[in-house]
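Let's take a walk through a protein chain, one stop at a time. Have the sequence and the 3D view ready, and follow along.

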Amino acid sequence: MTQFTAAAGASAVSVAEVMTRLRDHLVAEAEIARAGRPADMPAPAPGFQPVPVPAALGEALAAFAEAHEPDDQVMLPPELAAATIAALAAEPHRQPGRARLDGVATGRAAEATGRARVLDQAHRLNDQQGAAGVVPLLEQLVAAPMPAPLHSLLRRAALQVMAEVERETARRERGSYPDRAVDPAMALVVASREVPPPPALAPPAAEASTPPPVPLLEPGKPVSQLMTAWIDHSKTSRRDETSEKTLLDRAVARDLFVEICGDLPINEVTTAVCEDFVEQLMAVPAMHGRGVFAGLSAREALELADRMDQEAELKRGADGRATTERRLAKGTINKHLSSLEGGLAKHMGLLAGASSPFVQARFAKKEVTASPSFVRRMPNDGLMRGMFHGPLFTGHDDSANRGAPGRPRAVACMC
């Protein structure tokens, strides 16, 4: 195998740097196109209307799709087209909602999120068709040819970058922009000017010495290694006594970050990475790791929750309501960010008083208060008597229903 990891010179460019340039290029290109389009007019936000399709028709449509490439300009056979039209006509069309100022932008955000999921699926399947023409673009961005043995690796890595760009597009369509200092569109060069050379300075005194720059602490260590070391230290530290629940919360935050964002080196954890992490966490079911989601990864759990939501939509009750899977609350997401902040911020070489990317990605207190994970039900007189007038109070029913007594235990008594 050709060796690609030899000692790199000053002009060497890694795959990671190439992917960073690709992301910045695609984000800036999309922002230029966004700025050049006409103003949106008020319109209803897009909705989801499921249409029941007979199993035989669904199988026929799937077989037809598998027999053709996505770019093929083909029409459905007349019989299959007629059956599809009849199935669509059988479901009464719902009236769109009222027009909203952000209706069109909401639709574009939904489309971008859908494209991101398609690209994520292509990456998992190693279907590189969506990145077929990316190598020539990469060669333009770095002004150098890409090694032929690495073309497949570059296309596969580009699928992840393209999915990340689509999620960034969805955030921007919803009005959420990063700081200007890290926005690739703000780094575009618009002009150049002559800068006069600085005036000559007197040579420093012989006794004066310039202190060396302070390096980043552990710049190359991955997130998982730093978080695990912090958790292990907390287990044995006498100064920092930590409960088992807190240690478990830290481990869960570490595992979620590594699974969703990758085991990044600490110097690659940016505000944009943390904001994308939060965006993904908001789709993870609240019961992740328990019940029907036991043993599933975060991505597998959110995909299962989405499927369950779609099935619930198809089984909408007579009252027009459909139950959906509860997702992680904003307070829970803030807790995960705080765990990561405690284990990683001290390794980021931040200036005194500067906020870490985890703090910048947190939800404000007002947002957390406005969306609680559950609403407590206050006990009434009957429940209070039931709890405290029995043979032994054994605790409340659960966290959301503190008014209901727990399972009673028999108590022996002498009469």
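What you're looking at is a predicted model, where local features need pLDDT of at least 70 and side-chain atom pairs count only at pLDDT 80 or more, while totals for chains, interfaces and linings use all residues. Residues are numbered from 1 along each chain as its sequence is written, and side-chain values use heavy atoms, with hydrogens and water left out.

Now the overview. The chain has 14 helices and two strands. Of its 415 residues, 29% are buried; that word means under 20% relative accessible area, with exposed meaning over 50% and partly exposed in between (1.4 Å probe, protein chains only). A contact here means heavy atoms within 4.5 Å. Among contacts between residues at least 6 apart in sequence, 68% join residues at least 24 apart.

Next, look inside. In soluble globular proteins, nonpolar side chains tend to be buried together. A nonpolar core is a set of buried Ala, Val, Leu, Ile, Met, Phe, Trp, Tyr and Cys residues joined through side-chain atoms within 4.5 Å. The largest one here has 30 residues, and Phe-257, Val-269, Phe-277, Leu-281, Leu-340, Leu-344 and Phe-358 have the most contacts inside it. Helices H7 (223-236), H8 (244-261), H9 (271-281), H10 (298-314) and H11 (330-344) each supply at least two residues of this core. Zoom in on Phe-257: leaving out residues up to four places away in sequence, Phe-257 touches Val-223, Gly-262, Val-269, Val-273, Phe-277, Leu-340 and Phe-358. There's also a second, separate core of 20 residues, and Met-19, Leu-119, Ala-158 and Val-161 are among them.

Stay with H9 for a moment. H9 is mostly covered, with eight of its eleven residues buried. Among them are Val-273, Cys-274, Phe-277 and Leu-281, but also Asp-276 and Gln-280. What does the covering? The list includes H6, H8, H10, H11 and helix H12 (357-360).

How do two of these helices sit against each other? The axes of H7 and H11 come within 9 Å and cross at roughly 85°; axes are lines fitted to C-alpha atoms, for helices over the stretch in contact, and angles run from 0 to 180 degrees between N-to-C directions. H7 and H11 are therefore roughly perpendicular to each other (under 35 degrees counts as roughly parallel, over 145 as roughly antiparallel, 65 to 115 as roughly perpendicular and the rest as oblique). On the H7 side the contact uses Val-223, Leu-226, Met-227 and Trp-230, and on the H11 side Ser-339, Leu-340, Gly-342, Gly-343 and Leu-344.

Now find Arg-108 in helix H4 (residues 103-125). Is Arg-108 buried or exposed? Arg-108 is buried, with a relative accessible area of 19%. Its side chain and that of Asp-40 are joined by a polar contact of 2.5 Å.

Most residues other than glycine have a negative phi. Asn-126, in the loop between H4 and helix H5 (134-142), has a positive phi near 55°. Ala-143, in the loop between H5 and helix H6 (151-173), has a positive phi of about 55°. Asn-126 is partly exposed at 40% relative accessible area, whereas Ala-143 is exposed at 71%.

Notes
Helix = DSSP H or I, 4+ residues; strand = E, 2+ residues; numbered from the N terminus. Polar contact = N/O pair within 3.5 Å; in protein donor to acceptor, adjacent residues only side chain to side chain.
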